[in-house]
Amino acid sequence: MRIQKEQIEDHNRKTAKSHSDGLSNLHRHMDQKKISFEAVVQRLSDFQVAIPSWSLGAGGTRFGRFPMGGEPGSLEQKIEDVGLLHSLNRSSGAISLHIPWDIPENTDAIKALAREHDIVFDAVNSNTFQDQPGQKHSYKFGSLSHTDADVREQAIAHNLEVIHHGEALGSKAITIWLADGSNFPGQQNFRQALRRTFESLESIYSQMPADWKMLVEYKPFEPNFYSMVVPDWGTSFLLATKLGDRAKSLVDLGHHLPNTNIEQIAAILMNEGKLGGFHFNDSKYGDDDLTTGSINPYQLFLIFNELLDEPDGPSGPWSQISWMIDASHNIKDPLEDLLQSVEGIKTALAQALLVDRAALQDARGANDAVMAQQILEDAFRTDVRSLLRESRIQKGAAADPLGLYRALEMRKALIRERGRDSVATGL
Ligand SMILES: [Mn+2]
C-alpha cells in the first residue's frame, strides 16, 4: 500500500484557499511577537517522532482484544505502515523495534525496504517482562535484578542480542524498561535488588558499541504492584549517572503517579545532560496509553516549554533526545490514532515555540507571576493548526493527513490486501 505524490498534491490543492487565510492571521500575530515564522515552520518540519512497532495493531487489555483487520503480520508490513504514516505527515520517519517481536530475517532486505520508505531505525527495545518459548530460565520473579545469577546472565545476554540486531540495522540506542519488582511487602530486598540491577546494567553498558546510548526507563507500578526496582526518575538518574555518560534517563509520560510535575522532571534531567528519551502518550488514571494530547494538552505544552528552555544547536541537549510514541489502543484504527498522536505532539511543540521567552524571563525576574502565567497561556491558546499545515505542505506531506487517510479509505485497502483476520505480530 503506497500513497502517490499526485494524491497528496491533489488533496493539498483543495484546501489551499482556507489554508492561506488562516496562515496570514497567524503570521501577523507572530510578527507582532517578533517570532520568526520561517524558523518555527522549519523546526516543525524537522521534528520526527519514532513509531513503535507494537503500536501498529490493535492493542488490548487483559480483558480482551479487538483486532482491526488488515494489521501488519510481519516486520515488512510494519515498516510499510510506518511508511504510510510518514508519507502522510513527513514526521514519522523512524521505527522503534521490539525484540524478540521484530527480529529481522533478512537484515539487508529490511534496511532496503526502510530506505525506500525514508524510514530510519530508532532505539531498540529489549523484553524481559515475558518468557519466550524454549527459554531456559523464567522471568516470573525478575530478570536483571533476579536473585539467581543464571537468570540475570540470560537477561544480560538477551539485551546484548537486542543491541546486536539494532547495530545491524543502524540503531544507536537501547531502551531498557525493567518490569522487575515485587508484589508483596517483604518479598524483595530493595537494596540488593537495586545493586544486582546496577551490576547487570553495567555488564550490558560495558559491552555496548562506543557510539550507542542506553536509555533507562522508569515506572512506579505495574506489572508489579508493591514495588518496582526502577520506580521513578530519581532511581533512573542514579543508575544512569553511575553507569556513565552514554547512559541516560527516559521519561514515559504515562509512567508517573497522577499529578506528578513531569515538566519539572524533564527540566532537571535536561539540566544535568541526562534526558535521553521521551515516550509520548497520555493518561487519566495510570499508564492508560491514551492518545498524546487527548487528556492533558496543557501539560504537554509545559513539557515542551521546558525542553525548549535550553540553547539549541546541532549537538545541544535537544538533539540528544530520542522521541517516540509509546501507546497502543483497543478501539481505534491504530494508524489514525498515530496520526492524531503526532499531531498532538507537534501542536504542543508549535505552541511552545510561540512563547515569548524574553518577556517570560523579564516577568520572572520581576516576580510578576500574573504576567508569567499570561505569557504561557497566550502561546498555549494560539491556534497553531495553520502553522502545522504549512510545515507539512512545505515538506510534501498532506495538509490534512487524517482527512486524506480517510478519503483514500486506507484501512479498507489494507484489509483487502492483508485480510480481515491479519493480526499484528508481538501483541
Ligand atoms: Mn515506554
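Guide: One term before we start. A residue is buried if 20 or more other C-beta atoms lie within 10 Å of its own, exposed if 12 or fewer, and partly exposed in between, with C-beta atoms placed from the backbone. As for the source, this is a predicted model: local features need pLDDT of at least 70, side-chain atom pairs count only at pLDDT 80 or more, and totals for chains, interfaces and linings use all residues. Residues are numbered from 1 along each chain as its sequence is written.

Visitor: Is phenylalanine 237 buried or exposed?
Guide: Buried, because 21 other C-beta atoms lie within 10 Å of phenylalanine 237.

Visitor: Where does phenylalanine 237 lie?
Guide: In helix α8, residues 233-243. Helices (H or I, at least four residues) and strands (E, at least two) are DSSP runs, numbered from the N terminus.

Visitor: What is phenylalanine 237 in contact with, beyond four places in sequence?
Guide: Ser249, Leu269 and Lys274. Contact means C-beta atoms, placed from the backbone, within 7 Å.

Visitor: Switching to strands. Why call β7 largely enclosed?
Guide: Strand β7 (residues 213-217) has 5 of its 5 residues buried, so the rest of the structure largely encloses it.

Visitor: Which residues sit on each side of β7?
Guide: Lys213, Leu215 and Glu217 are on one side, Met214 and Val216 on the other. All of them are buried, so to both faces the word "covered" applies.

Visitor: Which strands pair with β7?
Guide: Strand β5 (residues 173-176) runs parallel to β7, joined by 4 bridges. Strand β9 (residues 247-252) also pairs with β7 in the parallel sense, over 4 bridges. Pairing takes at least two DSSP bridges between the strands.

Visitor: Which residues stand opposite each other there?
Guide: Isoleucine 176 is opposite valine 216 in β7. Glutamate 217 has leucine 250 in β9 as its bridge partner.

Visitor: Now the core. Which residues touch the most other members?
Guide: In the largest nonpolar core, with 98 residues, they are Ile95, Ile174, Val216, Val251 and Ala350. Helix α11 (residues 334-353) gives the largest share of this core, 10 residues. A nonpolar core is a set of buried Ala, Val, Leu, Ile, Met, Phe, Trp, Tyr and Cys residues joined through C-beta atoms within 7 Å.

Visitor: And what does valine 251 touch, beyond four places in sequence?
Guide: Trp233, Ile262, Ile265, Ala266, Leu275 and Phe278.

Terms used:
Two residues are in contact if their C-beta atoms, placed from the backbone, lie within 7 Å.
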